[in-house]
Amino acid sequence: RLVRRQHHRPLHSWEFKAARDPRPCRDMQGLLGAPARGAGRPFALVTRQWWLAEAPCRTFRAAASAGDAGSATGNAGSAADAARGGDGGFGQRGQRRPGGVPESGLGELLRAGGLRKPEEFFEAFRKHQDLATASELAQLLEDIWPAAVAAVAARAAKEEAAESSGGGGSSSSSSSSISSSAAVTRARKSLFNAKGFMQVMKDVVWKLDRFGPKELPRLLIALHAMMWHDRELFKLAQTQVIRHLPTLPLEQLPRVVVSYVEVQCGSRALFDEFSRRCLQASGRFDPAALVDLASAFSRGPHKPKAFLVEIGPSIFESLPSLSSADLARVAEAYARWPRDVPPELVSGLAALLCEEDGKLAKQMAPGQLVAVMRALLLWRSRSRGEQRSGERPGESAAATARLFELAVGPLLSGREELTPSQSATAFWAYAKLSAVPEDLFRQLYLDVVEGAQHLEEPALAACLLVSARAATGQLQSMSPRPPAPEGTDENGEAEVVDGGGGGGGGSGRLSVGPALCD
């Protein structure tokens, strides 16, 4: 039975005969003190298999030489190891190692915090590689990534200081950019190409089935944090994730889901279990975790719409406690599936952003604000709930129009932070209103013209249609302007008159030239 559990296969014929052989086993009698008659034969077979799969030779000999004394102290050692966060003296597939072998000295070195550079981590791993437990490997990967980023940032700052002292010039902006974005790229390149890191990953793959419900989430989260997107490794781990899913810590479950979504890996059975477990515990997640789950499942490969619909009431109840960034993430998640968004979520999000004169909306970054505006427009036009309710000029529509008015100032002041795609989205979104803010619309048009070469074809086509509407007089300006002299059409500019159905302003003139068409 132990061999069948260990290797997931039935016994061979010679193994079955050896296990039932009543002849005495003299080698086991001297090694483990087993009885001289048939009881020692199955244990001899299991120990020979264990020799290759569970621990190195010296580990087994050290455990065997301890004898009954080692087994008597095994419970205390395993309890102390579990209190330190280890695997409790358990080895492959949750089986106890011989004599309750405690964790190696690698965990003590990591907890002491004396390791600063990746080379120091690799050296400590090489010394304790044979006895390293699953919890120690997970802690090693958790600690080595911040150390690698810090080492690259310190090296870059030292080189920059040397250049500034030699050349006489210094710039603080370049050092900040290195420590934030370029340091991550350099750290990944230097860490992933290191020979010691590959040895660590080989040991992780070799001992993958020893990771329990506490160590396995830490491993996957650490690999995702350093962007080690190894699909084969995640595929190997998904069987254990399904097995340990009922006992996984709830605070780590959203990050495990995000890891599998980012890697674009995972079977339908895995995501079905993720969905079932997350929906069962939806009342115990904090609001930020609910946003993480909605954002991850909206990009997931299996049943994203069903999960978003079922978790919608929980997210609606947690809307008042979400930050402005989390509200933008909720809008982006449900904008990927606009037909299935709950109607109460649409009205609740729009009304919340308009409270206190748009306090939350003004706290958003310009890109996040554009994402929310796009989501509201998609929901109004495509949501099944909106179409069934028939509330075209209802509360959600009024709140949407109010939010667009409140967003004019933040978008004008933060226009430089928008990417070409975001500028095109804002240009398209404001054209959906009955009255267009003239100054912002003109500035967005100039930004779209400047970044037209970087736009994708759908975004460019939408901007061309909006420009055509403005050129043919179908857009109305919010703020009236004095009439322009006649003859402006000859210079390629269009005079736009009221298109009807407006509100909040009289007739205006929008100058849209042929630059975008060119």
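Select helix 17 to start. Helix 17 has 14 residues and runs 20 Å from its first C-alpha to its last, close to the 20 Å expected at 1.5 Å a residue. This is a predicted model.

Stay on helix 17 and pick Ile311. A kink of about 45° lies there, shortly before the proline Pro313. Ile311 is also one of the buried residues of this helix. Colour the others: Pro304, Phe307, Leu308, Gly312, Ser314 and Ile315 are buried too. What do the buried residues of helix 17 pack against? Show helix 15 (268-280), helix 16 (287-298), helix 18 and helix 19 (343-363), and you have the partners.

Next, step off the end of helix 17. Select Leu322, in the loop between helix 17 (304-317) and helix 18 (324-335). Is Leu322 buried or exposed? Leu322 counts as buried because its relative accessibility is 6%, and the cut-off for buried is under 20%. Now display its surroundings. Leaving aside residues up to four places away in sequence, Leu322 touches Pro287, Ala288, Val291, Leu327 and Val330. Asp286 and Leu322 are 36 residues apart along the chain, and their C-alpha atoms are separated by 9.9 Å.

Go back to helix 15, one of the partners of helix 17. Helix 15 has 13 residues and reaches 18 Å between its first and last C-alpha, close to the 18 Å expected at 1.5 Å a residue. Its buried residues are Leu270, Phe271, Phe274, Ser275, Arg277 and Cys278.

Helix 13 leads to the next stop. Select helix 12 (residues 215-225) together with helix 13 (residues 231-244). Their axes come within 11 Å and cross at roughly 145°. The crossing is left-handed. On the helix 12 side, show Leu216, Leu220 and Leu223; on the helix 13 side, show Leu233, Phe234, Ala237, Gln240, Val241 and His244. These residues make the contact. By class, the contact has seven nonpolar residues, two polar ones and no charged ones.

Finally, zoom out to the whole protein. How many helices and strands are there? The protein has 26 helices and zero strands. Of its 518 residues, 47% are buried. Among contacts between residues at least 6 apart in sequence, 71% join residues at least 24 apart.

Conventions:
Residues are numbered from 1 along each chain as its sequence is written. This is a predicted model: local features need pLDDT of at least 70, side-chain atom pairs count only at pLDDT 80 or more; totals for chains, interfaces and linings use all residues. Side-chain values use heavy atoms; hydrogens and water are left out. Axes are lines fitted to C-alpha atoms, for helices over the stretch in contact, and angles run from 0 to 180 degrees between N-to-C directions. Helices (H or I, at least four residues) and strands (E, at least two) are DSSP runs, numbered from the N terminus. A crossing is left-handed if the near helix is turned anticlockwise from the far one by less than a right angle, and right-handed if clockwise. Contact means heavy atoms within 4.5 Å. Ala, Val, Leu, Ile, Met, Phe, Trp, Tyr, Cys and Pro count as nonpolar, Asp, Glu, Lys and Arg as charged, and the others, Gly among them, as polar. Buried means under 20% relative accessible area, exposed over 50%, partly exposed in between (1.4 Å probe, protein chains only). The expected span of a helix is 1.5 Å times one less than its number of residues. The bend at a residue is the angle between axes fitted to the seven residues ending there and the seven starting there.
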